[in-house]
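Subject: Structure for you to look through

Hello,

Here is the structure I said I would pass on. Please open it next to the notes below.

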Amino acid sequence: MQRRYITVDVFTDRAFGGNPLAVVLDAGGMSTEQMQAIATEFNYSETTFVLPPRDSANDAQVRIFTVNRELPFAGHPNVGTGFVLATLAEKPPARLLFEEGAGLVPVEIVTERGKVVSTEFTAPQPLKRMSHLSAEQAAALLSLSASDVRADRHPPQVISVGLSFVAVELASREALRRARPDATAFAKTFPCDGSDAVYFYTRDVPADEKPCDLQARMVHPGASGLSEDPATGSATAACAALLSDLDDIKDGELRLKIGQGVDMGRPSLLLTRVRKKDGAVASIHVGGGCVKIMEGTFRLEGIL
């Protein structure tokens, strides 16, 4: 049986920016082992597999794999998969609802003149704030000094809205650029509250990188050693929710434009909004544009 796939660059408006994603369509009947093997073969940070929904009220079951493992939820796979399915539809839907390990994930479809231009997911779980790290521990993960870590707003902390990350604020754009992951420190620190990755950001954004409110990077285990992600929707969602939770706003919406991937030559723009009601975070959203890159087919005969 021929399996069709489409690849897109996510959180960008230009080819070869953003975060690449492979979307395997009509994945019904594939085993978990086959999905993992295909994801490893694509060698992107994530590959998604689209299956019929378990509940007909939903649009699809979406399984997400890194090169190493299956994830219960991730950000750029939802934005990219929503974009692919919406562009394949005869008439783009206003909304898609995906079944995932972490729960149901709504994806809003934004169109202009009947053409899909971007999508936005809603995080499937509320913000969870877990273990703290010291400034020294966080700095060691990134080959920095404790003075490069800013902890006046929040300490380095494990946070999640469906997938866990350590969130670290850095004092300067220069420190963000200079950071280098340290494998020994990663091995000492992780796993921690389900996290094996660090998302680090700064509010010190130079004029030539405006209108971004933050610049960020994210490092996680890859196929061989540590790898950097050019755009991380799930970590961005958790970080935006954390910042909103710390904000004095009682009712309203915090909107942030977050840049990522700039220092690795794959600039990305993640558009976040967090709604608050009665002083609590009510919903968390992250969206952005996508660009279709490739499509093709493969056969599974003889594979596993």
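Two strands count as paired if DSSP finds at least two bridges between them. In this predicted model, Leu254 has Val274 in strand β16 as its bridge partner.

The strands

Strand β15 (residues 252-260) and strand β16 (residues 268-277) run antiparallel and are joined by nine bridges. On to the next strand: β16 also pairs with strand β17 (residues 280-299), again in the antiparallel sense, over seven bridges. Within β17, Ser283 stands opposite Arg275. The hairpin of β16 and β17 has two residues between the strands, and Asp278 takes a positive phi near 55° there.

The aromatic pairs

How many aromatic pairs does the structure hold? There are seven of them. One is formed by Phe42 and Tyr44: the ring centres are 6.1 Å apart and the planes are at 25°, so this pair is stacked. Another is formed by Phe73 and Phe121, with centres 5.6 Å apart and planes at 70°, so this one is edge-to-face. The cut-offs behind those two labels are under 30 degrees for stacked and over 60 for edge-to-face.

What does the pair of Phe73 and Phe121 tie together? Phe73 is in the loop between β5 (70-71) and α2 (75-88), while Phe121 is in strand β8 (residues 115-122), so the pair ties together parts that are 48 residues apart in sequence. Both Phe73 and Phe121 are buried. Ring pairs also link a cluster made up of Tyr5, Phe42, Tyr44 and Phe298.

In soluble globular proteins, nonpolar side chains tend to be buried together. Here the largest nonpolar core has 57 residues, and Phe98, Phe121, Val161 and Tyr199 have the most contacts inside it. Which helix gives the most to this core? Helix α6 (residues 233-246) does, with eight residues. Leaving out residues up to four places away in sequence, Tyr199 touches a list of residues that includes Phe165, Val168, Met218, Cys239 and Ile258.

Is Thr202 buried or exposed? Thr202 has a relative accessible area of 1%, and buried means under 20%, so Thr202 is buried. Thr202 lies in strand β12 (residues 198-202). The side chain of Thr202 reaches the backbone oxygen of Leu170 at 3.2 Å. Thr202 and Ala216 are 14 residues apart along the chain, and their C-alpha atoms are separated by 6.5 Å.

Ser164 is in strand β11 (residues 164-170). With 12% relative accessibility, Ser164 also counts as buried. Which backbone oxygen does the side chain of Ser164 reach? That of Asp193, at 3.2 Å. Asp193 is also one of the residues that Ser164 touches, along with Met130, Val158, Ile159, Gly194 and Ser195, when residues up to four places away in sequence are not counted.

Regards

Terms used
Residues numbered from 1 in each chain as written. Predicted model: local features only at pLDDT ≥ 70, side-chain atom pairs only at ≥ 80, totals over all residues. Heavy atoms only, no water. Phe/Tyr/Trp six-rings, centres within 6.5 Å; stacked < 30°, edge-to-face > 60°. Helix = DSSP H or I, 4+ residues; strand = E, 2+ residues; numbered from the N terminus. Buried < 20%, exposed > 50% of the residue type's maximum accessible area, 1.4 Å probe, protein only. Core = buried A, V, L, I, M, F, W, Y, C linked by side-chain atoms within 4.5 Å. Contact = heavy atoms within 4.5 Å. Polar contact = N/O pair within 3.5 Å; in protein donor to acceptor, adjacent residues only side chain to side chain.
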